[in-house]
Amino acid sequence: DIRSSCIWIESESFKDCIGLKKITLPDTLKAIESETFMNCNNLTNIIIPPSVVSIGDKAFALCTNLSKISIPSSVTKFGKNIFQRISSLQILGDITKIPDGLFKGCDELKKINLPSTVTEIGNNAFMQCSLVSISIPLVTKIGKNAFNQCSVLSSMITSSKINYIGEGAFNNCGSLKHFYIPSLTTDIFDDTFSDCSLIQQMNIP
């Protein structure tokens, strides 16, 4: 365990610690720097305390067995490629928005479970992922290019309260077959569903 007075974890502190299976982060921690836990491929779950405000680039990249992480709403700064090479992930905590580009380019990500607190999917959030399905039952806003080039995404559980779907949100989702657009949605951009060649049913109120 990390000492209780620790405020930040320096870059690469636990990088390549392949024997690390469990770690407890103190509630004094403010930042997790870049590549801190990179390639800790036996780490299966981690709880980020509500004192943390930032997570650096590739902080958990190559943690191929990481399946559960708790992210508090206190985290407002996210680096790039944090979850690179992770294929399945359950996010817990009270996070309300999947930040812009958080999973962009995570082409091995096939499954993700989001907490019920999430109401917004940021721009490019899941762009170029390998998600097969996703449930976002309480989301009200889907950002620009949020699921762009998710070519194997075939099913979604969405919210009846979606009021905004950004430009290119589902562009090149060639496996998507059904999508429900609720009555609260006021705008649909020209290329929102561009190249969704397998869509068979589109419910527009």
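**Contacts, core and pocket in a predicted model**

Colleague: Which residues does V132 touch, not counting residues up to four places away in sequence?
Modeller: Contact means heavy atoms within 4.5 Å. With residues up to four places away in sequence left out, V132 touches K110, V152, L153, S154 and S155.

Colleague: What pLDDT do side-chain atom pairs need?
Modeller: Residues are numbered from 1 along each chain as its sequence is written, and side-chain values use heavy atoms, without hydrogens or water. This is a predicted model: totals for chains, interfaces and linings use all residues, local features need pLDDT of at least 70, and side-chain atom pairs count only at pLDDT 80 or more.

Colleague: Where does the side chain of S51 reach, and is S51 buried or exposed?
Modeller: S51 sits in the loop between strand 3 (45-47) and strand 4 (54-55). Its side chain reaches the backbone oxygen of L29 at 2.5 Å. S51 has a relative accessible area of 13%, so S51 is buried.

Colleague: How far apart in space are T186 and N163, C-alpha to C-alpha?
Modeller: T186 is in the loop between strand 15 (178-180) and strand 16 (201-203). T186 counts as exposed because its relative accessibility is 63%. In sequence, T186 and N163 are 23 residues apart; in space, C-alpha to C-alpha, they are separated by 6.3 Å.

Colleague: Which residues touch the most other members of the largest nonpolar core?
Modeller: A nonpolar core is a set of buried Ala, Val, Leu, Ile, Met, Phe, Trp, Tyr and Cys residues joined through side-chain atoms within 4.5 Å. Beyond four places in sequence, F147 contacts residues including I121, F126 and F170. The core has 60 residues, and those touching the most other members are F37, F60, F103, I121, F126, F147 and F170.

Colleague: How much space lies in the largest pocket?
Modeller: A pocket is an open set of points on a 1 Å grid over the protein atoms alone, where a 1.4 Å probe fits, with protein on both sides within 12 Å along at least five of seven lines; lining residues have an atom within 4 Å of a point. Here 16 residues line the largest pocket, and the closest to its centre are I112, N113, L114, I134 and S135. Strand 9 (111-113) and strand 11 (133-135) each supply at least two lining residues. With volume taken as the space filled by probe spheres set on the points, joined across faces, edges and corners, the largest pocket holds about 180 Å³.

Technical notes: Helix = DSSP H or I, 4+ residues; strand = E, 2+ residues; numbered from the N terminus. Buried < 20%, exposed > 50% of the residue type's maximum accessible area, 1.4 Å probe, protein only. Polar contact = N/O pair within 3.5 Å; in protein donor to acceptor, adjacent residues only side chain to side chain.
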